[in-house]
Amino acid sequence: MLEGLCAFPLTPVSEEGVDEAALTGLVARLATAEVDSIGVLGSTGLYPYLDRAERSTVLEMAVAAAAGTPVIAGIGALRTREVLTYAQDAQMAGAAGLLLAPVSYHRLTEGEVYGLYRDVASATSVPVIVYDNPGTTGFTFTDELYTRLVQLPNITGIKSPPPAAEVADRVTTLRAGLPGSVSVGISGDWVAAEALLAGADCWYSVLGGVFPATAQAIVDAAAAGHREQAQVLSQALEPIWALFRRHGSLRAVAAIAETFGWAQSPSLPLPLLGLSPQGRAELQAALQTTGLAG
């Protein structure tokens, strides 16, 4: 489950609530494409904007539409009490794994983050993935904290952000410092090919949530050791990667889903507004350039 391609679909949301039909369609497309796992209620899944009932709806719809494909559910929240509730809800809904970011308003200390994962790990029976996303949480994991966390029961994977240094060096360092049983995963779609070629186990992919076959081709090339092919496939998507970096992958992927009719517009909850008209024009050009326009 924590190898290969973990595709993260958008959770289409309006002020009326979750668009269940659109969500089901997005997840079903991923199951049909035979991705290795499906990640819901991550950043692309808009978990911070959803209440407990909405999260439960997403989980139930996703597990049903996944048709046996493992579903990994985000459980992040401000308070440990809420995180534990969401962890229980996810397990009862049939989630095969949990994804936990240290969400905060007041920045957390390393001791507080360790305590969060300790409490969650002791209360769960499925794998827990450490979600390192400093751009949104304001917390940066040290390698020493990683080492402590993976000694806890059920902490079996790391979802690492794009590194500031060389991708291959970062993956090599992570891999060397962690037990072989721990899955080293990468986010930041534009660095995924290099990370996989360097030994990362899993790509947590936003692009995979809308174009699973395109993402899977990169994963397959890397797994086969076809370095040049994987790099060429990724480089061909640079217009999309540039949009992700410029506007944020959430806004870009929401616009993609709307463009192809996989979600109604608007598909993001207020105050999020999605791409500007200029951004949508850039998206259309990028889709044409990369051959993803359909």
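Is Phe-141 buried, partly exposed or exposed, and what is its relative accessible area? In this predicted model, local features need pLDDT of at least 70 and side-chain atom pairs count only at pLDDT 80 or more, while totals for chains, interfaces and linings use all residues. Residues are numbered from 1 along each chain as its sequence is written, and side-chain values use heavy atoms, leaving out hydrogens and water.

Phe-141 turns out to be buried, with a relative accessible area of 5%; buried means under 20%, exposed over 50% and partly exposed in between, using a 1.4 Å probe and protein chains only. Tyr-146 is buried as well, at 1%. Phe-141 and Tyr-146 form an aromatic pair that is stacked, with 5.6 Å from centre to centre and 10 degrees between the planes. Here, rings of Phe, Tyr and Trp (its six-membered ring) pair if their centres lie within 6.5 Å, and planes under 30 degrees apart count as stacked, over 60 as edge-to-face and the rest as tilted. Ring pairs also link Tyr-117, Phe-139, Phe-141 and Tyr-146 into a cluster.

Now for the nonpolar core, a set of buried Ala, Val, Leu, Ile, Met, Phe, Trp, Tyr and Cys residues joined through side-chain atoms within 4.5 Å. The largest one has 106 residues, and Phe-141, Tyr-117 and Ile-155 are among the members that touch the most others. Ile-155 touches Tyr-117, Ala-121, Val-128, Val-130, Leu-149 and Val-150, not counting residues up to four places away in sequence; such contact means heavy atoms within 4.5 Å. As a general rule, nonpolar side chains in soluble globular proteins tend to be buried together.
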